[in-house]
Amino acid sequence: MAFVFDSAPNSVTANSYISVSDADDILAGRLSTENWDNLSTTDKEALLVQATNRLDAERYAGLKGIRGQSLQWPRQLVTDRDSYVYNNDEFPRELLIALCEQAMYFVDAGDRTISNDLLEDVIEYKVGPIQWKLKGGRQADQLPQLVQQYLKAIGSAWFGKSFPSQSYR
């Protein structure tokens, strides 16, 4: 089956939160985007899907916008930092910026399997089952700090914390 890029909110086949055109617009206001700018549209789509998959692995407050949508966003019952409820048929701008930053993280890093920078941060390595410990409590799959800040700004990601108990009727 051929790859079909879909960035429509609430879509049952969506695999990205943002179109290449909209990502280009957001990244136009960012420095050092040469690696992104030199990519083909197909490669940009693949990076946006990869970045979306990474952000979708996080836990979010609220409920999916509609039953059956393929991605975690849009969501219901989620408020921004000013306590306004997000629309359940659109993606928050902070999510889109976080996605673009995550895509840039992937494109700028190239192959992140084991970089020299990552090896310098290893303080302990266990072989069976394999376990890494990195300086400063870092984790190999941890989101970049800027991405975490944007996700926290939308009041939805609970990094290592449990969700507060809420009941909605």
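## Terms and basis of the model

A residue is called buried when its relative accessible area is under 20%, exposed when that area is over 50%, and partly exposed in between, as judged with a 1.4 Å probe and with protein chains only. In α6, the buried residues are Val147, Gln148, Leu151 and Ala153, where helices (H or I, at least four residues) and strands (E, at least two) are DSSP runs numbered from the N terminus.

The model is predicted, so that local features need pLDDT of at least 70 and side-chain atom pairs count only at pLDDT 80 or more, whereas totals for chains, interfaces and linings use all residues. Residues are numbered from 1 along each chain as its sequence is written, and side-chain values use heavy atoms, with hydrogens and water left out.

## Overall layout

The protein chain contains six helices and four strands, and their order from the N terminus is α-α-α-β-β-α-α-β-β-α. Of its 169 residues, 38% are buried. If contact is taken as heavy atoms within 4.5 Å, then 55% of the contacts between residues at least 6 apart in sequence join residues at least 24 apart.

## The nonpolar core

A nonpolar core is here a set of buried Ala, Val, Leu, Ile, Met, Phe, Trp, Tyr and Cys residues joined through side-chain atoms within 4.5 Å. The largest such core has 34 residues, and Leu55, Trp73 and Leu151 are those with the most contacts inside it. At least two residues of this core come from each of α1 (20-27), α3 (41-56), α4 (93-109) and α6 (145-153), and α4 gives the most, with ten residues. In soluble globular proteins, nonpolar side chains tend to be buried together.

Once neighbours within four places in sequence are left aside, Leu55 is in contact with Tyr60, Leu95, Ala98, Leu99, Leu143, Val147 and Leu151. Val147 and Leu151 are also among the buried residues of α6, and the cover over the buried residues of α6 includes α3 and α4.

## How α1 packs

The axes of α1 and α3 come within 10 Å and cross at roughly 85°, where axes are lines fitted to C-alpha atoms, for helices over the stretch in contact, and angles run from 0 to 180 degrees between N-to-C directions. That angle makes α1 roughly perpendicular to α3, given that 65 to 115 degrees counts as roughly perpendicular, under 35 as roughly parallel, over 145 as roughly antiparallel and the rest as oblique. Here Val20, Ala23 and Asp24 in α1 meet Thr41, Lys44, Glu45 and Leu48 in α3, and the residues of this contact divide into three nonpolar, one polar and three charged. In this division Ala, Val, Leu, Ile, Met, Phe, Trp, Tyr, Cys and Pro count as nonpolar, Asp, Glu, Lys and Arg as charged, and the others, Gly among them, as polar.

With α4, α1 packs at an angle of about 85° and with the axes 10 Å apart, and the two helices are therefore roughly perpendicular to each other. The residues that meet are Ala23, Ile26 and Leu27 in α1 and Arg93, Leu96, Ile97, Cys100 and Met104 in α4, which divide into seven nonpolar, no polar and one charged.

## Loop residues around β1

Both Tyr60 and Gly62 lie in the loop between α3 and β1 (63-64). Tyr60 is buried, with a relative accessible area of 6%, while Gly62 is partly exposed at 31%. The C-alpha atoms of Tyr60 and Gln72 are separated by 7.7 Å, although these residues are twelve apart along the chain; for Gly62 and Trp73, eleven residues apart in sequence, the C-alpha to C-alpha distance is 9.8 Å. Residues up to four places away in sequence not being counted, Gly62 touches Arg75, Gln76, Leu77 and Val78.

## Backbone geometry to check

Most residues other than glycine have a negative phi, and most peptide bonds are trans. In this model a cis peptide bond, with omega of about 0°, joins Trp73 and Pro74, and Pro74 is placed in the loop between β1 and β2 (75-76).

Asn10 is not a glycine, yet has a positive phi of about 65°; Asn10 belongs to the segment before α1 and is buried, with a relative accessible area of 15%. Ser83, likewise not a glycine, has a positive phi of about 70°; Ser83 is found in the loop between β2 and α4 and counts as exposed, at 57% relative accessibility.
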